[in-house]
Every structure is written in structure tokens, then in C-alpha cells.
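This briefing goes through selected features of a protein model, topic by topic. Please keep the sequence and the structure in view while reading.

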Amino acid sequence: MRVSGFIVTALIIASVITFPVAEAHILIVADSLSDSPYMYDEAKKVATTLKNRGYQVLELYRNNATVKNILKGMYGADAVIYAGHGGYMAGHYDGRGGNATPPFGLVARDGYIWSAGDMMMVNGTTFYAPFKDGIPAILLHACFSTGWVEDYEVKNPVETVYSFARMFTGAGANYYATAWDGAEIIYDFLSGARNFYEANQQNYEVINQSTLYNGTEVWRNDHGYAAFVGDWNGTFPRFNQTTPYDDAAAEEWYRTKSRPTFTGSKPVADFTYAYCGSTSIRTFAFTSTSYDPDGDNLTLTWNFGDGSTATGSNVTHTYAREGYYTVSLTAKDSNGLISVKKKTVTAGNPKPDLVVTGTRKSGSTLYIYIRNQGTAAARNFYTRVWYGSYSTRNYKQVYTGTLNPGASTTLKVYYSYYRGTVKVDYYNRVAEKSELNNLRKF
């Protein structure tokens, strides 16, 4: 076994658990700063083991381990496993074994998730971690999480562990942290340990000492490299208690950061729609068919995909421009549980419209500027340039797979002439709103 620790300083300016039915997953975060490959390898091994056993796992490594992604990944998770750095604000620790004072934080790729008592804090906004009650929050190698920073034990390790743990335990999680390599506690559970007590007894370091701090029992051996705050009867979820990560629901939670309770079943969101009005095919009537299995009242919020929103069971909306729009309905019950349903509607008669907006010659390279000024994507077309008004020999052409509405692209071709003609969609494979604006002479 090997023990290790890291530190990142952030400037201030800069009982067995019964799991509810709500969908959940295992969140694994590792190596957010891309500077600790062994953390990445350790987490990947855990993730592979869990997935091979049928667990649904959300993995966030390196560039993907952003503040937003981590927080969204916490929503409704059945377990959180974090292998990475712990941060502190300047002036709150001397880096040489002195007193450490909160806030402490998880280090993400683009910032920090700070502790704020029983809550979390990002950019001055505080909120409760969106956990289900009793989940395991397991920290591997994060500084301060066990009272150690590199080779220094802080002067007040029990207080430090207590302060670090609160943003997890305040939301109902069981907090376990270790600086030992191997993620041993997780494999103890997978090998049959029924709860944290049994898993602890199988560990390389068995925690057998505790200190009462601010009314909370903090388990940590003198100069130990592991710590626990929570209910020893708490356990790790079974594979059949996890389901795929729900990004839409997590995104809606991230927007409001209201505290869910995760009791009972989450709602089921769905809706129907139809054109309405005798002359317009850009006006729709939307009807919610959402329900809650527990009979809870629902708050229904519509997003029409064009920047407009509405609330209620039955709504109408008129699109200013024709096109394809993704409509989403969010159903939230009285416990804060969320379900989102998305459908794509066709407003009007959208078509692509390709146009050559300009050309520029630089040396032997010709730059051709193409724009799709229509209201639908153009796919699988060729742009050809040739010398003079027409040529079957002296030409070059470039393939484009997809050009979305309003998007532009710049094509580069070798071209030795200063004059010529260019035509987008040379073979007329795209059904456009206008076929008369594809040709340009230069």
C-alpha cells in the first residue's frame, strides 16, 4: 500500500440503507487537473469493475471534470467517488502542518466546489448537494479529507475532517476518505461487506478511534490516513439499484439548485402536440400527459427551443421563423424530483438554402465562403470551382457532410487561376428553398 496527498491553493479572488425507486447512478470523478495519472488509472479500474458487474456509471475525468459536470453528476447519484485534489483558500493554511480552517473544496477542471457548513458553494451561491439520503461519498487522496496534506499532518486533523465532510454529510451522505492507494473500501463492498463497519474491518487500516466534535463523531486514528463520518450501517448500492444518468433532469436541477428529497418515485414527463390555426403551420397546441406515480402535484415548465418558455398543462406557441425546434417539458414533483421529455417539432416548411458568399485568392490557394441561410440543415453536397464559365477538366471540388441553418464554412482548394466560377451543391443533391443562388463568378 502507498499513501499520497496533494494540495491546490485557491486565491480568494480566484441501520442498512433502503434505496428509493428514483433513478440513480454511480458518479466517478478523477484527475481533474490532468496531473495525477495514477488517480486516473485507479478510478478507471474502479469504473471498469463496477460496469462489468452491471452498475450504471457516470465517469468524469480530466477535461470533463468541470464544476458544472461534477455538480450535475451528483444529482440523484447512488454513490460519489472522487479521486483528486482538495483545495483551500489562501490564508486558511500555512502549507507546513499548521491549523487548517474552512472552506475546503473539491478541485474541478475549471474551479472549485467549496464547503459552506452543511452546504456547497460555487461563485458565492450556496446550495445543498443533490444527494439521496444515505449514499456513500468516497474521497480518494484529496488533501484535507483525512487531515493530511502531502507529508504534513495538519495541527487540527479532527476539526479539518469534520469541516471537509460537512458538505457531504449535510446532504445525508456517509463520508469516507482515504489517502491509501487502491480504493480498497469499494472492493470490500463488492467482495461482500454489508456495510461500512464490515468494510472497515477488512481494510489495510482499520479505523477504531473516534472523537466527538461539535456533536458529531469523527472517526480517525491518531495520525491515521483514513477517516469516516456517518452511519457505520450505511452501505454501497447494489448494481440493480442504479440506472443510466439522466442529463436532462440534472441540467434542470443545476439551473435552480433547489434541494430535492428523493422520496418516492420521480414523475413521468410526456406530452402531445398538434398544429392549430387555419392558416399557420407555425402555431402549436401542446398538451401535457405527465403524471406522478405517487400522486404528487406537478409543476410543468415548457421550453420551446427558440428562447421562449411557458408553464401549465395546456399551452400554445407560435414560432416566428420556420425550422426544427426541440421542445422540452420538465415535470417536477413536490419532493423536487425531476423528469424531462423532449420532442422535435417542424414549424413551417424548413429547407436549406446554400449560397457562396465570397471567394479569396492567396497564392495558389482559393478560399471559398459558403453559408446556409435556410432553416434546415444541408447534408452531403459538393462545391466545385472551375476555370472560366464552364469546364469539365480544369476544376476542383470539396465535399461537405453537414452545414446547419445559419452556419458558414470556409473551403480551401488548390487553384492556379485568378478567374473562374464556383457552384455550391454542384450535383443538386440538396432540395433548397432557392436553386438560383448557388453560382458565383470571380
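Tyr176 and Phe196 are both buried. The model they belong to is a predicted one. The points below begin with aromatic ring pairs, then turn to a cavity and a sheet.

**Aromatic ring pairs**

- The model has 42 aromatic pairs, counting rings whose centres lie within 6.5 Å.
- One of these pairs is Phe104 with Phe164: the ring centres are 6.1 Å apart and the planes meet at 10 degrees, so the pair is stacked, given that planes under 30 degrees apart count as stacked.
- Phe104 belongs to strand E6 (residues 104-108) and Phe164 to helix H3 (residues 157-169), so this pair ties together parts that are 60 residues apart in sequence.
- Phe104 and Phe164 are buried.
- Another stacked pair is Tyr176 with Phe196, because the planes of the two rings are at 25 degrees, with the centres 6.3 Å apart.
- Tyr176 is in strand E13 and Phe196 in helix H5 (residues 196-202), so the pair ties together parts that are 20 residues apart in sequence.
- Ring pairs also link a cluster made up of Phe271, Tyr273, Tyr275, Phe284, Phe286, Trp302, Phe304, Tyr319 and Tyr325.

**The second largest cavity**

- By residue type, the lining divides into five nonpolar, two polar and two charged residues.
- The volume of the second largest cavity is about 50 Å³.

**A sheet of three strands**

- Three strands form an open sheet in the order E24-E25-E28, and their pairing is antiparallel.
- Strand E24 (354-362) and strand E28 (408-414) are the edge strands, each of which pairs on one side only.
- From one strand to the next, the twist averages 20 degrees.
- Strand E25 (residues 365-372) runs antiparallel to E28 and is joined to E28 by seven bridges.
- Which residue in E28 is the bridge partner of Ile370? The partner is Thr409.

Conventions
Residues numbered from 1 in each chain as written. Predicted model: local features only at pLDDT ≥ 70, side-chain atom pairs only at ≥ 80, totals over all residues. Heavy atoms only, no water. 1 Å grid on protein atoms, 1.4 Å probe; cavity = no way out; pocket = protein on both sides within 12 Å on 5 of 7 lines; lining within 4 Å. Points joined across faces, edges and corners; volume = space filled by probe spheres on them. Nonpolar A, V, L, I, M, F, W, Y, C, P; charged D, E, K, R; others polar. Pairing = 2+ DSSP bridges. Helix = DSSP H or I, 4+ residues; strand = E, 2+ residues; numbered from the N terminus. Axes fitted to C-alpha atoms, helices over the stretch in contact; angles between N-to-C directions. Phe/Tyr/Trp six-rings, centres within 6.5 Å; stacked < 30°, edge-to-face > 60°. Buried < 20%, exposed > 50% of the residue type's maximum accessible area, 1.4 Å probe, protein only.
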